[in-house]
Amino acid sequence: MQKMTRKRKLAMLPQWLQTRIEVNWYESLRLLEQAREQVPAGARVLDAGSGEGRYREFFDHTEYVGLDLAVGDDTWDYTCLDAIGDLRELPFGSETFDAAVCVQTLEHVNDPFQVIGEIGRTLKPGGRFYLSAPMMWHQHQKPHDFFRYTSFGFRHLLEESGMRVLEMRPMGGYFWFLSFNLQMLHFWLFPPIKKRWQWWVQLPYQVMTEAVFFVTLPVLLFYLDRIDKVKDHTMGWVCIAEKKPIHDTGKSNELGE
């Protein structure tokens, strides 16, 4: 019998509960909210590696351009893309965009320095770049999965590409990382089965397991993450950077880290 997907399970829960369970997307979605607030109406925005275009709604006040190579996931619908292209060689002129986003995509490119450089090339001076990528994550969208990033790796890539880091923050700490991994427990304990009677036998145990590891513990761990002040054991990083203007003096104008 076909198992209910994680997405469908989350959709059955109240919104406030979803946000405390879906810690793997919490900071990325917060980053997109920041981009929505900071990017002015009418600005031209590049979504580099937009996939199915799920972030388009955050930029309905702008001239949004979603680009992807359309090879990451065979189950995705790429028909809503504005452009199909390689992030290593963007089909746009220099200083074309006022802002750019690249959310959970950089791990899927085999030359991140080239990609960051290309995005920087297409940004106007002073244009902001909203970036997130994992540091500790399972292999996914295989074989298109190449790298993981620390905050120092992020900073190096951005600064070497002519950008200034304004803000950088972790995707939670140890407890959020633990929360996400515990949520996956039932996939290993209860693999898909074909016979209905087996499904009924395991159902009570699966419900109990998911109640504890998919709902109760994740909510507790969401708040316990405050204990981890260092957050080196994080799922990844989100960052806001700015393309340095031509007259840039090299002085930092960071929002915080």
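Helices (H or I, at least four residues) and strands (E, at least two) are DSSP runs, numbered from the N terminus. The model is predicted: local features need pLDDT of at least 70, side-chain atom pairs count only at pLDDT 80 or more, and totals for chains, interfaces and linings use all residues. Residues are numbered from 1 along each chain as its sequence is written, and side-chain values use heavy atoms, with hydrogens and water left out.

Start with the sheet. Seven strands form an open sheet with mixed pairing, in the order β3-β2-β1-β4-β5-β7-β6. Two strands are taken to pair if DSSP finds at least two bridges between them. At the edges are β3 (83-84) and β6 (163-170), each of which pairs on one side only. Strands β1 (residues 44-48) and β4 (residues 97-103) run parallel and are joined by three bridges. Val 45 has Ala 99 in β4 as its bridge partner.

Two loops carry local backbone features. In the loop between β2 (63-68) and β3, Ala 70 has a phi near 65°, a positive value in a residue other than glycine. In the loop between β5 and α5 (151-160) lies Pro 143, which a cis peptide bond joins to Lys 142, with omega about 5°.

Now the helices. Helix α4 (residues 112-122) lies across β1, β4, β5 (123-134), β6 and β7 (236-243), and runs at about 150° to β5. Axes here are lines fitted to C-alpha atoms, for helices over the stretch in contact (heavy atoms within 4.5 Å), and angles run from 0 to 180 degrees between N-to-C directions. The axes of helix α6 (residues 174-183) and α8 come within 8 Å and cross at roughly 175°. That makes α6 roughly antiparallel to α8, a label for angles over 145 degrees. Residues of α6 that take part in this meeting include Phe 175, Trp 176 and Leu 178, and those of α8 include Phe 213, Phe 214 and Leu 217.

Which residue forms a salt bridge with Glu 210? The partner is Lys 9, at 3.0 Å from N to O. Because Glu 210 lies in helix α8 and Lys 9 in helix α1 (residues 6-11), the pair ties together parts that are 201 residues apart in sequence. A salt bridge is a side-chain nitrogen of Lys or Arg within 4 Å of a carboxyl oxygen of Asp or Glu; the whole structure has 14.

Conventions. Parallel < 35°, antiparallel > 145°, perpendicular 65-115°, else oblique.
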